Amino acid sequence: MSDNVPAQRAIVTVLGWGASLATLLMAGGILLLLLSPGEAVDFRYSFQQPETLIRDLFVHPSPSSYASVGLLLLVITPLARLVVTAVGFGRAGDWKYAGISVAVLMVILLGIALGG
Amino acid sequence: MPSPLLPLLLLGYFAGTLGSAIGIGGGLIITPVLTLFLDVPIHQAIGTSLLCAIATSIGAASRYVQEGLADVRLGLTLEFGTTVGAISGAFFAGLLSREILAALFSILLVGAVVSILRKMRSSSSLEITDHQIRAGEIPQYQIKRIPAGVGLSFVSGNVSGLLGVGGGVVNIPLMYVVMRVPFKIAGATSIFMMGVTAAASAFIYYGRGDVAWWITAPVAVGIFAGTRTGTLILRRVPSRWLMSAFALVALYFAARMIYRVLEGGFQP
């Protein structure tokens with residue numbers, strides 16, 4: 001069953017970039033935290049405002065904004081993997097696995113909607 | 001609240017190495033260490049452990065998919081069962097006794113470990129060597145009992161959702177014992193699936209503010225470094241050793257669940 005997978009390259013790219021960027025941002029946050037021990041660091045930062053987090057990353061960079069955007073990227077990457085998997089299988093005409101990928105994505109989005 | 005960076009980085013490195021080598025998320029190590037030794041509240045520890053399962057998954061799966069060790073089609077098929085099971089499990093959470101479920105689950109897990117060890121002794125499973133992986137010559141294997149596997153993945157998702165336990169410890173015996181998938185393929189595919197399974201719950205913890213960045217970020221960075229070592233271990237170490245390590249972890253897991261049930265009141 002481990003024959004050619006249509007979306008293989010796209011999956012590897014998405015997971016690889018997701019992991020690298022998330023690590024870079026989180027490590028940047030940790031480094032800023034180490035460099036600014038005397039400053040007031042916001043330890044209450046949560047993920048409830050992603051747009052604020054991304055804006056702060058560029059406008060008011062801080063340890064929390066770097067680390068939080070890195071963690072946000074971490075959570076989004078598996079969902080992006082499902083999207084590229086669906087597209088890859090769909091482009092190859094393998095509708096069964098394209099459909100399964102979309103179905104899994106829908107179930108997760110439903111779970112998020114019901115749980116949130 | 002400043003975080004003890006070095007212990008968190010080392011914790012992540014250890015969990016990432018072990019998790020990516022034997023196909024589990026690392027929550028089994030991360031949650032107790034954070035709560036017992038670093039005084040992290042249980043909800044934040046679970047939130048951290050979910051994000052760390054995603055970190056282990058995306059850190060190691062890119063390599064496993066590239067090398068053909070993770071079976072993408074099998075992973076997608078089982079992901080469907082586990083995610084539907086996890087969501088529906090949430091609706092039945094109030095109807096079932098978690099203590100009884102945890103005890104039954106522990107007994108089943110011990111049974112699965114016994115099956116793995118028996119199979120290991122009979123040497124009937126397919127070994128995949130580092131040379132074969134590097135040469136892109138992974139031997140063909142036949143997946144058995146696919147409908148039963150999907151059905152059981154639904155049950156495993158359901159139980160995982162109800163008990164708050166990770167998917168790897170369930171999915172590996174499912175793929176290896178029931179579906180007759182080679183152990184290394186089962187481990188790599190479990191890692192591939194884990195990110196998606198954990199993402200749904202992680203979003204919920206994330207939205208509630210139960211993910212503390214100053215704890216999770218150092219552990220996750222340590223995990224990414226650990227997956228480099230873990231993926232090498234899975235490739236180079238014989239399946240027999242990986243199975244023994246998995247059996248030890250799974251038995252510890254079952255014992256811990258039974259202990260918590262006997263202690264009075266099961267908490268995830």
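Which element of chain B has the lowest mean pLDDT, and which the highest? Colour chain B by pLDDT to find out. Helix H5 (residues 98-122) of chain B has the lowest mean, 78. Helix H10 (residues 213-236) of chain B has the highest, 93. Keep in mind that this is a predicted model.

**Stop 1: confidence**

Stay with the pLDDT colouring. Chain B averages 83, and 90% of its residues score at least 70. Chain A also averages 83, with 83% of the residues at 70 or above. Now select helix H1 (residues 8-35) of chain A: among the elements of chain A, its mean pLDDT is the highest, 93. Then select helix H2 (residues 50-59) of chain A, where the mean is the lowest, 73. For the complex, the predictor gives an ipTM of 0.88 and a pTM of 0.88.

**Stop 2: chain B as a whole**

Chain B has 11 helices and zero strands. Along the sequence the pattern reads α-α-α-α-α-α-α-α-α-α-α. The radius of gyration of chain B is 17 Å, close to the 18 Å from the globule rule for 268 residues, so chain B is as compact as a globular protein of that length.

**Stop 3: H1 and H2 of chain B**

Select residues 5-22 of chain B, helix H1, and residues 27-37 of chain B, helix H2. Their axes lie 9 Å apart, at an angle of about 160°. H1(B) and H2(B) are therefore roughly antiparallel, since the angle is over 145 degrees. H1(B) passes H2(B) in a right-handed crossing. Now show side chains. From H1(B) come B:Leu11, B:Phe14, B:Ala15 and B:Leu18. They meet B:Ile29, B:Ile30 and B:Val33 in H2(B). The contact of H1(B) with H2(B) has seven nonpolar residues, no polar and no charged.

**Stop 4: H3 and H10 of chain B**

Next, select H3(B) and H10(B). How are the two helices packed? Their axes are 9 Å apart and the angle is about 30°. That makes H3(B) roughly parallel to H10(B). H3(B) passes H10(B) in a right-handed crossing. On the H3(B) side, pick out contact residues including B:Thr48, B:Leu51, B:Cys52, B:Ala55 and B:Arg63. On the H10(B) side, those in the contact include B:Val219, B:Ile223, B:Phe224 and B:Gly230. By class, the contact of H3(B) with H10(B) has 10 nonpolar, eight polar and one charged residues.

**Stop 5: across to chain A**

Bring chain A back. In the interface, 44 residues of chain A contact 45 residues of chain B. The elements of chain A that give two or more residues to its side are H1, helix H3 (63-91) and helix H4 (95-115). That side of chain A divides into 27 nonpolar and 17 polar residues, with no charged ones.

**Stop 6: H3 against H3**

Finish on a pair that spans both chains. Select H3(A) together with helix H3 (residues 42-67) of chain B. The axes come within 9 Å and cross at roughly 65°. H3(A) passes H3(B) in a left-handed crossing. Which residues of H3(A) meet H3(B)? They are A:Leu71, A:Leu74, A:Val75, A:Thr77 and A:Pro78. Facing them in H3(B) are B:Leu51, B:Ile54, B:Ala55, B:Ser57 and B:Ile58. Eight of the residues in the contact of H3(A) with H3(B) are nonpolar, two are polar and none is charged.

Key
Residues are numbered from 1 along each chain as its sequence is written. Chains are lettered from A and ligands numbered from 1 in the order in which they are written. This is a predicted model: local features need pLDDT of at least 70, side-chain atom pairs count only at pLDDT 80 or more; totals for chains, interfaces and linings use all residues. pLDDT is the predictor's confidence in each residue, from 0 to 100. Helices (H or I, at least four residues) and strands (E, at least two) are DSSP runs, numbered from the N terminus. Two residues are in contact if their C-beta atoms, placed from the backbone, lie within 7 Å. Ala, Val, Leu, Ile, Met, Phe, Trp, Tyr, Cys and Pro count as nonpolar, Asp, Glu, Lys and Arg as charged, and the others, Gly among them, as polar. Axes are lines fitted to C-alpha atoms, for helices over the stretch in contact, and angles run from 0 to 180 degrees between N-to-C directions. Angles under 35 degrees count as roughly parallel, over 145 as roughly antiparallel, 65 to 115 as roughly perpendicular and the rest as oblique. A crossing is left-handed if the near helix is turned anticlockwise from the far one by less than a right angle, and right-handed if clockwise. The radius of gyration is taken over C-alpha atoms; the globule rule is 2.2 Å times the number of residues to the power 0.38.
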